[in-house]
Amino acid sequence: MSFFDTLRARAQAACHHIVLPEGTDPRVQEAAGRAVAEGLARITLLAPEGTALPDGVTLEDPTKSARRDAMSAAYLAARAKKSPTDEQAAAAISDPLVWAALMVRAGFAEGTIGGAVATTSDTVRAALQMIGTAPGAPLVSSFFLMVLPETHPTRPGAGLIFSDCGLVIDPSPEELAAIATQAAASAEALLGEAAKVAMLSFSTKGSARHARVTKVTDALALLADAPFAVDGELQFDAAFDAGVGAAKAPGSAVAGHANVMVFPNLDAGNLGYKIAQRIGGATAIGPVLQGLAKPANDLSRGCTAEDILDMIAVTSAQIDATKGATP
């Protein structure tokens, strides 16, 4: 089985309830119908009453739902520090992104996926404001699930976690350590193997001296007691290639075998995943959010129905992890 076949089989075994807020988009409708037909998830689409949907997909119209009072109360609780009025709550919950996130917050659904139409900023804002961060999480970050082609010479069909490639622009050492911790948990949830985390840099083990290198080594020091394998600072080739890793970082348990790549800033992360995708032929799914109290994810506005299906499977694995299920 391919990586995605395995991930979808796990989703079928759980068949979680996921809400898709952009229910009028043809790609979303196609993915919803296929997800239900293949048993990947139970799907609720948010769309105007009367919208034609595939068989088995549940329709909910936020402007007419019988749950408006409950959702308004959930909104007022989520935004209590801002003291919104009842009228503001009523207006806000008519936004499908907000409604979907509130469904997850209130337990009416287990996860949500948006961004096929909405911008990343709007999608992430709704998740942050309505669902909030997980207990103890200092920030919300993101990752891309990168799946190498089956023709790759050393890791055919392997899955990797690239983080953060979508949200945190220039993380501090403390934020970088938090991103590494979140990415390690994401690897455990999605890859079904122990995380081996590489803290990436343009330097390997002191080969260069610069404040940007020091930031990475300071983050590594904060991870001294981490319950996962982590090493740095490592250049990408030393992290990924066994031969280079043995030469540049002999004795490292991570060098040459990393399955989690933690980039030092958003420039490096965003460029890195796109190079791996466009030149290396890797499949990139994301940005997937990590650090939220419950799963909510973003899509590229250029996504296909197949991409949405893959994100449904990824979100299902996150739901399993949230509930303590074993991969």
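Colleague: Leaving aside its neighbours within four places in sequence, which residues is Thr204 in contact with?
Modeller: Counting contact as heavy atoms within 4.5 Å, and skipping neighbours within four places in sequence, Thr204 meets Glu233, Leu234, Gln235, Ala238, Lys248 and Ala249. Keep in mind that this is a predicted model: local features need pLDDT of at least 70, side-chain atom pairs count only at pLDDT 80 or more, and totals for chains, interfaces and linings use all residues. Residues are numbered from 1 along each chain as its sequence is written, and side-chain values use heavy atoms, with hydrogens and water left out.

Colleague: Is Thr204 buried or exposed?
Modeller: Thr204 has a relative accessible area of 5%, so it is buried. Buried means under 20%, exposed over 50%, and partly exposed in between (1.4 Å probe, protein chains only).

Colleague: And where is Thr204 found?
Modeller: In the loop between β7 and α8 (211–222). Helices (H or I, at least four residues) and strands (E, at least two) are DSSP runs, numbered from the N terminus.

Colleague: What about Ala198, which strand does it lie in?
Modeller: Ala198 is part of β7, residues 196–200. Ala198 is buried because its relative accessible area is 0%. Beyond four places in sequence, its contacts are Asp231, Leu234, Ala239, Val254, Ala258, Val260, Met261 and Val262.

Colleague: Switching to the open sheet, what order do its five strands have?
Modeller: The order reads β3-β2-β1-β4-β11, with parallel pairing. Strands pair if DSSP finds at least two bridges between them. On average, neighbouring strands here are turned by 25° against each other, direction ignored.

Colleague: How many bridges join β1 and β2?
Modeller: Five, in the parallel sense, between β1 (residues 16–20) and β2 (residues 41–46). His16, for example, has Ala41 in β2 as its bridge partner.

Colleague: Which helix packs on the sheet?
Modeller: Helix α12 (residues 305–322) does, touching β1, β2, β4 (111–114) and β11, and its direction makes about 130° with that of β1. Axes are lines fitted to C-alpha atoms, for helices over the stretch in contact, and angles run from 0 to 180 degrees between N-to-C directions.

Colleague: OK, α1: which of its residues are buried?
Modeller: Phe3, Phe4, Leu7, Arg8, Arg10 and Ala11. They cover an arc of only 155° around the axis, so they are on the same side of α1; the arc is that of the directions from the helix axis to the C-beta atoms.

Colleague: What covers those buried residues of α1?
Modeller: The cover includes α2 (26–37), β5 (141–147), β6 (159–163), α7 (173–191), β10 (283–290) and α12. Just after α1 comes Cys15, with a positive phi of about 50°.

Colleague: Last one, Ser65. Where is its place?
Modeller: Ser65 is in the loop between β3 and α3 (68–78). With a relative accessible area of 14%, Ser65 is buried too. Setting aside residues up to four places away in sequence, Ser65 touches Glu60 and Trp99. Its C-alpha is 10.0 Å from that of Ser94, 29 residues apart along the chain.
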